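Here is a short report for a reader new to this structure.

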Amino acid sequence: MRLLAGARHFEVTELPSYDPAGSGEHVYAWIEKEGVDSDQVVEALCRATSRPPRDIGYAGRKDRAAIARQWFSVRLADEAALQRVTAPAGGRISVLELSRDRSKLRLGQLRGNRFRLGLDGSGDAHALDALREGLGRLTLFGVENRFGAQRFGSAGANVAIANAWARGDVARAASLCIDGSGTWLPGQDLPAGFRPGPTGRVLGALRRAPEDAAGALRAAGPRFAKLIASAAQSAVFNAVLNARNRAGLLHTLRGGDVARRRAGGVFRCLPEDLAQLNIRAAPGSLEIFATGPLPGSEMYAPSAAIAAEERFFSAATGVDWGCFAGAGPLASPGDRRALVVPFLEPPELEADAQPIWLRFALPAGSYATEVLAQLGVGIPERRS
């Protein structure tokens, strides 16, 4: 079984935390996009409305290689101008609905995402049986809440940028923005042509001032710094998740662990409560979840022993947890993320024709490609 290539075989629809109130200074645009990432939609909205990027909000990033539907908010926008928004060459942006609210949309203000994926089983009944069996297993055990490869950029460059930036090597960080493989070096000729998005702003800034790598990184904007910090946090989390998985601790809470309730609250596990907590964390219940770290200055800390264990598990990433504290470019409050998550909406299959359509919904921040990987479904290289 494999995921078919092309945006029409990968649809994602945002499930908002709330509906816009219908009045207020922020115009909400329900947008369908294809072939563009969220930063390019922001740039297109800026061009259409003459509003600065700081006036534009969205709740979550959506895959470029998908048909994606999500809300964007634009402060003090002209509604007629929003209807004239145009996508860069090769992409599509369609405004499906407009509303208003008093508040700007912020990252994370969504319940989750609904997915519709087109699969090719080539008429293999055994593959279809295996898919159904795998979906049953994930429904019982939950989905391992690993961050997908797209979080880390081409060849994992986002983590390398974070590590260089954190140690003050701004020249290396900027050069990795230009070429994630690391083959371009300062002093060499810069790539020709236009490049969209934050790395395009880095490129433009270096053309104007080749020696000012720090200024080039600032030119990418605060959203880019948050993206890079998030990639480094995600690498730490994945390393801890993988280590706990190998140890058989995805559904097992220990004294000093930080757990997350299904409703979202976090707490530290006390030894005297473990018997009851582990019943609620077990496959089939999935009411409480063990968590892993997204390091930051305000992250809810586990016991000293488990904190040391998590740092040991993540050492191979090269990420310095200290870079998320203070007022540096990668500063972040941090969080605790569940190691496994249940489906928000149970999976459904349409298997009576080709392609086979798989539908399900996941909580905010969880990856459909990870569901496919855990089902053994092949994923086109550009998504894996």
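A residue counts as buried when its relative accessible area is under 20%, as exposed when over 50%, and as partly exposed in between. By that rule L286 is buried, because its relative accessible area is 4%. The model is predicted.

Strand 7 covers residues 110–120. Of its 11 residues, 8 are buried, so strand 7 is largely enclosed by the rest of the structure. Its pairings are listed here.

| Partner of strand 7 | Residues | Sense | Bridges |
|---|---|---|---|
| Strand 1 | 2–3 | antiparallel | 2 bridges |
| Strand 2 | 10–16 | antiparallel | 7 bridges |
| Strand 15 | 356–363 | antiparallel | 8 bridges |

L3 faces L119 of strand 7. P16 has L110 of strand 7 as its bridge partner. N113 stands opposite L362 in strand 15.

**The nonpolar cores**

The largest nonpolar core has 78 residues. Within this core, L117, L119, W165, L253 and F360 touch the most other members. Helix 8, residues 222–246, gives the most to this core: 10 residues. In soluble globular proteins, nonpolar side chains tend to be buried together.

L119 also has a list of contacts beyond its neighbours within four places in sequence. Among them are M1, R2, L3 and L4, along with L131, Q354, P355 and I356. L358, L372 and V377 belong to the list too.

**Helix 5 against helix 6**

Helix 5 spans residues 170–178 and helix 6 spans residues 197–208. Their axes come within 9 Å and cross at roughly 115°. The crossing is left-handed. Helix 5 makes the contact through A174, C177 and I178. Helix 6 makes it through T199, V202, L203 and L206. What classes of residue meet in the contact of helix 5 with helix 6? There are 6 nonpolar residues, 1 polar residue and no charged residues.

S94 sits in strand 6, residues 92–101. S94 is partly exposed, because its relative accessibility is 22%. Setting aside neighbours within four places in sequence, S94 is in contact with W30, I31 and E32. R69 is 25 residues from S94 along the chain, and their C-alpha atoms are separated by 9.3 Å.

Q40 belongs to helix 1, residues 38–49. Is Q40 buried or exposed? Q40 is buried, with a relative accessible area of 5%. Not counting residues up to four places away in sequence, Q40 touches G35, R64, P88 and P196.

**Backbone exceptions**

Most residues other than glycine have a negative phi, and most peptide bonds are trans.

Q354 and P355 are joined by a cis peptide bond, with omega about -5°. P355 lies in the loop between strand 14 and strand 15.

L76 is not a glycine, yet its phi is positive, at about 55°. L76 is in the loop between strand 5 and helix 2. At 44% relative accessibility, L76 is partly exposed.

L286 is not a glycine either, and has a positive phi of about 50°. Where does L286 lie? L286 lies in the loop between helix 9 and strand 11. L286 is buried, whereas L76 is partly exposed.

Technical notes:
Residues are numbered from 1 along each chain as its sequence is written. This is a predicted model: local features need pLDDT of at least 70, side-chain atom pairs count only at pLDDT 80 or more; totals for chains, interfaces and linings use all residues. Side-chain values use heavy atoms; hydrogens and water are left out. Axes are lines fitted to C-alpha atoms, for helices over the stretch in contact, and angles run from 0 to 180 degrees between N-to-C directions. Helices (H or I, at least four residues) and strands (E, at least two) are DSSP runs, numbered from the N terminus. A crossing is left-handed if the near helix is turned anticlockwise from the far one by less than a right angle, and right-handed if clockwise. Contact means heavy atoms within 4.5 Å. Ala, Val, Leu, Ile, Met, Phe, Trp, Tyr, Cys and Pro count as nonpolar, Asp, Glu, Lys and Arg as charged, and the others, Gly among them, as polar. A nonpolar core is a set of buried Ala, Val, Leu, Ile, Met, Phe, Trp, Tyr and Cys residues joined through side-chain atoms within 4.5 Å. Buried means under 20% relative accessible area, exposed over 50%, partly exposed in between (1.4 Å probe, protein chains only). Two strands pair if DSSP finds at least two bridges between them.
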